[in-house]
Amino acid sequence: MTEESDIRTVIAGVFDEDWYLHTYPDVADAGVDPISHYLSSGADEGRDPHPLFDTSWYADQNPEVRQAGLNALAHYLLVGAAGGKDPHPLFATSWYSEQRPQIHGTSLNPLLDYIGAPAQSRVSPHPLFDSAWYLRNNPDVAEAGVDPLLHYIGNGEREGRSPNPLFDPAWYLRQCSDERPHGMTALEHYLIKGAARGLDPHPLFDTDYYAEQCTRSQLASINPLEHYLRFGVRDAFRPHPLFDSHWYLKKYPEVIDANVNPLVHYLLEGAGYGTEPHCLFRGNWYLRKYEHNIPPGMNPLLHYVLFGAKNHRDPSPEFSGRFYTDRYRDADWERTNPLSHYITIGRAQGRSPAPMSVLYREIRRAAEEAFSGTGFEALRHISSMAIKPKFLIVMSGEDDRKHRITTQSLLAQIYKNFIILSVSDILSIVERLDEERDVYLIWLEAGDVLKPAALYHFACAINRVPTLDLIYGDEEIRSADGDIIPFYKPAWSPDYLESFNYIGRSICYRLTFAGELLASAEDPFDFLLRVTEKLGHIGHVREMISTCPDRRHGSDTEVQADLASLNRRCRRLGRHAEFVAHAQPARLYRLGSPITTTAKISIVLYSTRAITSSAVDLSYPFLRQIAPRSSAEFGLPEGTTIEVIPIAATLDDAVVSDPNAVRGSHLSGDVDTGGLAVALNRAVEAATGQYILFLSDVPQRSEAICLTHMVHHIIKPHIGAVGAKLIAADGRTAQFGLVLFDGMKHRVHHGSRPDGEDYFFSHTASRNFRAVELDALMTDKGLFQSVGGFDATVDPSQMAVDYCLAIQARGKMVVCDADTLVESEIDVDEYASGFSAVGFDRDRVFVEKWSRQLISDPYYNLERLAISPAAYDGRPQKDC
């Protein structure tokens, strides 16, 4: 088709004559026909026939148009639209067709369909232009009845209007060093140039930070903001270091129910009623502290990002901007937000967010201020609770003064549905109320002080999860010298409880679940142990519930009472073992009696440095330790058989100096056939032991490893994997359990000294963890094979974590034994660089499998301990 009349017919349905004459007054002044002008010279001059057809941009996207001397609009209407071509940067054909299923897959032209629809019923033609939001946010446009996109292109941006809640034109343009072509909106510039240059569309959308969470293929044909709006929101990707989508959705589940973008919710609604975008940014606290510096109605996080950080404002009582920037001078603080730096880099490097000596004092003060300001709301909430639980509070102890202290704290409770009972009264009351489901028991010692909101927090937890049978909270410990130490507790950890009574007395029990055990209990700890042997629903309230005396150390009488309770537990559970104390006066315990099991243990010795087909040298230090020794030297019964399977070799039948010592294995460890995971899985297939111990071949010291305590754990029905404590050459801890959060695995105790200060025996007690490293990992062979062994599709550095998560999905738990020491001649820094955290970002297979499990770690109180470096678990620290 070459005749002008034919082309006129083709383009007439799109060509807007009035708009053309208004936009190009020289054409109107010349008195020429607008379509004729466009066909004869306008298109060649880059003039547009319609506000939604960009002639020059279309020709740039489709070079064959200029090469063949074709008219751009005619080409689009005859060829381009059918091929999915876009007529304008703000008209995405594929997106529009998805929104209009009636034209999807048909020959209907999307642009003609859009133009032909009533102006305010047109669907958004681009994911970055939100028509419905634009009309809601600009009621004058809605009242005028005009098309929202055409209004934005024509006048809206010049009037300071935004195309969507996450694109701020004024903010964006301040980043642009080049001049925009006349008539181009900021959003068009972002789509054509800015996104590729890494410019940010909004102060709370950090393009580079977001892109790091995506694979290259995910952003190959889509800009970061569009990816976030279409896909990233679904996967809870973080748009900015200071907006934690996972945390926000977990804290405000109503946002999930409403199916809205969490960042948009925060900007448009949440900040107005006090939601917090990150555990380290407290909006209400920030507004109160700097009320004279913040314009009324301004979003607190926006103020901090735009102005506050540069002026060393504190985003929360947990983070001191002045302290952080003064202490760490290796960053350009004129251009770097200190809180963002801490979250993305500093925390993993072990940097402190504030002077540790004042940190908890500030947190406590902020919590008290917040509660004092919400007392009325709490009372209103109590009146509307669907479940109003009754609490029976038992108080033991003979000291009248301590009785009065505890009673005063009870009378100060804002939740009043409770009664105080003596030990002698409780049994008769329990019998009378045993059938009432919403009655709960709390057993205190005289002198314990409940926080004013303690019962309120318990009642809230019961209303959130009515099936809870046992609920415990965090607590403050009053040391002998009067200091207050916050105890941030992990989630339910049965093995930690047997090492140290970490739960204490900040706990309530459902009466119908626990009441029958009360008569046989000797004391609160004995009662707790008996109750937790039942398979109930246990919950953890991450609030400070009480202030109690320090129970980390005790008298001989207290230690013996604890041991008696623990050993009664062993007998009830059918364990042939006895607990012993580590070293009095510490109330820290471990199983100390011999093991009765005679199961075989297969030790799989592997190399992380290289897997070759060459024979393993049996003079290698580790093999020289084991080969000539019997199982008795590992603390195991004479009947226990130990076999060693090195996977970096093909061994002939190895030297067996003792039937209980070593059995060689014909096993090839060819890395090319599947890598370390395949080699380890083959080793397990060849193993004849019931239990498998994976050991890295890092150079070991001469002492044999005592396996007694690992076996004590692995034979427990609820345990699926056991880790050990790896000690480096200088005596510091290389590894002792892993916590998983922020998409990273953190070696919390990396670099700690065994004789250093210990936060509630977190380094010396056996503890449950989300994962342990492969360097020393014991598991059951049957369980290992039932989950498919190690996954060869994940990165070798994540195999152990992947396995630990897989067995937890089967209902098993992971424990790290503090008494099994694997001592090495390697320096602590060789186990990891200066970082105590390792990211999962390079392993997309792993992340896709376990993305929700990597949000937070139930054994690590992230909401509170995020105030500190990742390697900090609450131990006292000196300020530098």
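# Close-up views of a predicted model

View 1. Among the elements of the chain, helix α32 (residues 621-626) has the lowest mean pLDDT, 36, while helix α35 (residues 781-786) has the highest, 97. Please keep in mind throughout that this is a predicted model. Taken over the whole chain, the mean pLDDT is 83, and 84% of the residues reach 70 or more. Two stretches call for some care. Over residues 610-629 pLDDT stays under 50, and the model has 55 contacts beyond four places in sequence for them. Residues 869-880 also stay under 50, with 38 such contacts in the model. Where pLDDT is low, the predicted coordinates should not be read in detail.

**View 2. Helix α26 lines up its buried residues on one face.** Here we look at residues 423-433, which form helix α26, with Ile 426, Ile 429, Val 430 and Leu 433 buried. Seen down the helix axis, the buried residues of α26 fall within an arc of 105°, so they line one face of the helix. Ser 424, Glu 431 and Arg 432 are exposed on the other side of α26. And what does the buried side of α26 pack against? Its partners are the strands β1 (390-396), β2 and β3 (439-445), together with helix α29.

View 3. Strand β2 covers residues 418-421, and Leu 421 is found in it. Leu 421 has a relative accessibility of 10% and therefore counts as buried. Leaving aside neighbours within four places in sequence, Leu 421 is in contact with Leu 392, Ile 393, Val 394, Met 395, Ile 426 and Ile 429.

**View 4. Glu 516 and Lys 534 join two loops through a salt bridge.** The closest N and O atoms of Glu 516 and Lys 534 are 3.1 Å apart. This pair links distant parts of the chain: Glu 516 is in the loop between α29 (511-514) and α30 (524-532), and Lys 534, 18 residues apart from it, is in the loop between α30 and β8 (538-549).

View 5. The side chains of Arg 569 and Glu 533 meet in a salt bridge, with 3.6 Å from N to O. Arg 569 lies in helix α31 (residues 556-572) and Glu 533 in the loop between α30 and β8, so the pair, 36 residues apart, links distant parts of the chain. With a relative accessibility of 5%, Arg 569 counts as buried; Glu 533 is partly exposed, at 24%. Widening the view brings in the network of salt bridges that links Asp 495, Glu 498, Glu 533, Arg 569, Arg 572, Arg 575 and Lys 716. Over the structure, the count comes to 35 salt bridges.

**View 6. Glu 159 and Arg 161 form a salt bridge.** From N to O, the side chains of Glu 159 and Arg 161 meet at 2.8 Å. Glu 159 is partly exposed, at 46% relative accessibility, while Arg 161 is buried, at 15%.

View 7. Nine of the eleven residues of helix α36 (residues 799-809) are buried, so the helix is largely enclosed by the rest of the structure. Among the buried ones are Met 799, Ala 800, Tyr 803, Cys 804 and Ile 807. Just after α36, Gly 811 takes a positive phi of about 90°. Glu 773, placed in the loop between β18 (767-769) and β19 (776-780), is buried at 11% relative accessibility. Not counting residues up to four places away in sequence, Glu 773 touches Gln 735, Leu 738, Lys 745, Arg 747 and Ala 800.

**View 8. Cys 176 and Cys 508 are both buried.** Cys 176 has a relative accessibility of 15%, and Cys 508 has a relative accessible area of 0%. How many disulfides does a search of the whole structure find? The search finds zero.

Technical notes. Residues numbered from 1 in each chain as written. Predicted model: local features only at pLDDT ≥ 70, side-chain atom pairs only at ≥ 80, totals over all residues. Heavy atoms only, no water. Disulfide = S-S within 2.5 Å. Buried < 20%, exposed > 50% of the residue type's maximum accessible area, 1.4 Å probe, protein only. Helix = DSSP H or I, 4+ residues; strand = E, 2+ residues; numbered from the N terminus. Contact = heavy atoms within 4.5 Å. pLDDT = per-residue confidence, 0-100. Salt bridge = Lys/Arg side-chain N within 4 Å of Asp/Glu carboxyl O. Arc of directions from axis to C-beta.
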